[in-house]
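Trainee: I've got a new structure to look at. Can you walk me through some of it?
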Amino acid sequence: MDFSPAALKPALAACGAAHYWVAYSGGVDSHVLLHALSAQRPLAGALIGAVHVNHGLQADAAHWQAHCRTVCQALDISYADLAVDGRASAGESPEAAARQARYRALRDWLPAGHCLLTAQHQDDQAETLLLQLLRGSGVRGLAAMPSRMVFGAGHLLRPLLDFPRASLLAYARQHGLQWIEDPSNTDTGIDRNYLRHRVLPVLRERWPAVSETLARSAGHCAEAADLLAGLAVQDLADLSQGTVDTLPVAGLQQLPPARRRNVLRDWIAVHTGSAPSTAVLSRVESDVLHSRIDAEPCVSIGRRELRRYRDRLYLIAPSPEPPPERVLEWDVNNPLILPDAGGVLTASEVAGRGIRRSAVGRGVRITFRRGGERCRPAGRRHHHVLKKLLQEQGVPPWERRRLPLIYIGDRLAAVAGLWVCEPFAAATGEAGLEIHWQREPQRPE
């Protein structure tokens, strides 16, 4: 399929952004995209520009940056550049580290409502599908790269996925474009380059349309992934009943195995930002879903922990527990931030509830569970061991150790967010102080 600037019109019309930015590396593919986009001006009043990311990994990085700026000046296109640290950590793929740093910087930079265009093409899509197959990916991975997606405050568009590399190269030569050749593109020690230079040419000898065929398969997988995602959303709504932070074990066990794995995969991805591996899902099923009711199983997933308490699954960010010997003085007129407990304490003046204002004065002491604490919650006739009260309330074990305990003198006066202990409870009409315990929301990784 031949490429021309007119081929961009359907994708641009579907996006309908006020400003389009090309992710411009200086290579042939992104140069073709930038040149073709400039030929489409004006796009119903839309503005266009280019943004270059300097990873700081190549000796000629500054030269590449200058080249991109010069090309944009010649095309009369606005230009922006970003600098990132694309170096890989120990054990991390250099290509993956650079890619993640680049996309993270572009996502954070993209202005609201704008659209970022990237130059991946049909051969890139075929290579991605093969890489995912060799990694044993499911249909979400085999869907390869979507043509359009939400990206930060805007959208990301890949308008060249239907065009082979050869058609873009032909366009570049026809228009006399000058581009940069990245020397790393010939390094067959990199998996993608090995496929590009060693594997696909052999496949193409036998099946000339291999890139088009593989890209079509990726499209079929994308449709299947969309159907699975829709089913997961439906199952999550049925299971969670509005409580999206936990899932019922009994409800999950009633689902067929494939459907149960599908909903778990989606739920974990929503909370962590990435789908779990097959090995992790297998551990969740064997070690957590089928554990004893009184067990406290835990599976680490990235920087989160998947835990079970009674009939529910929790996906939490682990954090250090406050030392039980810690004692803090709190001026109740000001919020008290407790980082290692994961929240903040505040107090408000009320009447007829909370702690008696006359008992508080200006301050109270805050500590954490050591064991053996007792409380007679307001309205009850007897004292109870705090551990029993927390079990009765259904507070998970890992949360109990982080609950702030409010002391007046040497007596437990309240458990933040749960109970006021007698005799500290404000009577009807009496001035009181209501203690609020606000946990910090957990964000996807």
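Mentor: Let's go through backbone angles and then strand pairing.
Mentor: Keep in mind that this is a predicted model.

Trainee: Okay. Which peptide bond is cis?
Mentor: The bond from Glu 422 to Pro 423. Its omega is near 10°.

Trainee: Where does Pro 423 lie?
Mentor: In the loop between strand 20 (419-420) and strand 21 (431-439).

Trainee: Next topic, phi. What is the phi of Asp 76?
Mentor: It is positive, about 55°, although Asp 76 is not a glycine.

Trainee: And the phi of Ala 144?
Mentor: Near 60°. That is a positive value too, and Ala 144 is a residue other than glycine.

Trainee: Which loops are those two in?
Mentor: Asp 76 is in the loop between helix 3 (61-75) and strand 3 (78-83). Ala 144 is in the loop between helix 6 (139-142) and strand 5 (148-151).

Trainee: Is Asp 76 buried or exposed?
Mentor: Exposed, because its relative accessibility is 63% and the cut-off for exposed is over 50%.

Trainee: Then what about Ala 144, buried or exposed?
Mentor: Buried. Ala 144 has 18% relative accessibility, and buried means under 20%.

Trainee: How many bridges join strand 11 to strand 15?
Mentor: Four, and the two strands run antiparallel. Strand 15 covers residues 363-367.

Trainee: Which residue stands opposite Glu 329?
Mentor: Arg 365, in strand 15.

Trainee: Now the hairpin. Which strands form it?
Mentor: Strand 12 and strand 13, with four residues between them. Gly 342 sits in the turn and has a positive phi of about 75°.

Trainee: How many bridges do strand 12 and strand 13 pair over?
Mentor: Three, in the antiparallel sense. Strand 12 is residues 336-338, and strand 13 is residues 343-351. Leu 338 has Gly 343 as its bridge partner.

Trainee: And how many bridges join strand 13 to strand 21?
Mentor: Nine, and those strands run antiparallel as well.

Trainee: Which residue is the bridge partner of Val 344?
Mentor: Gln 438, in strand 21.

Notes:
Residues numbered from 1 in each chain as written. Predicted model: local features only at pLDDT ≥ 70, side-chain atom pairs only at ≥ 80, totals over all residues. Heavy atoms only, no water. Buried < 20%, exposed > 50% of the residue type's maximum accessible area, 1.4 Å probe, protein only. Pairing = 2+ DSSP bridges.
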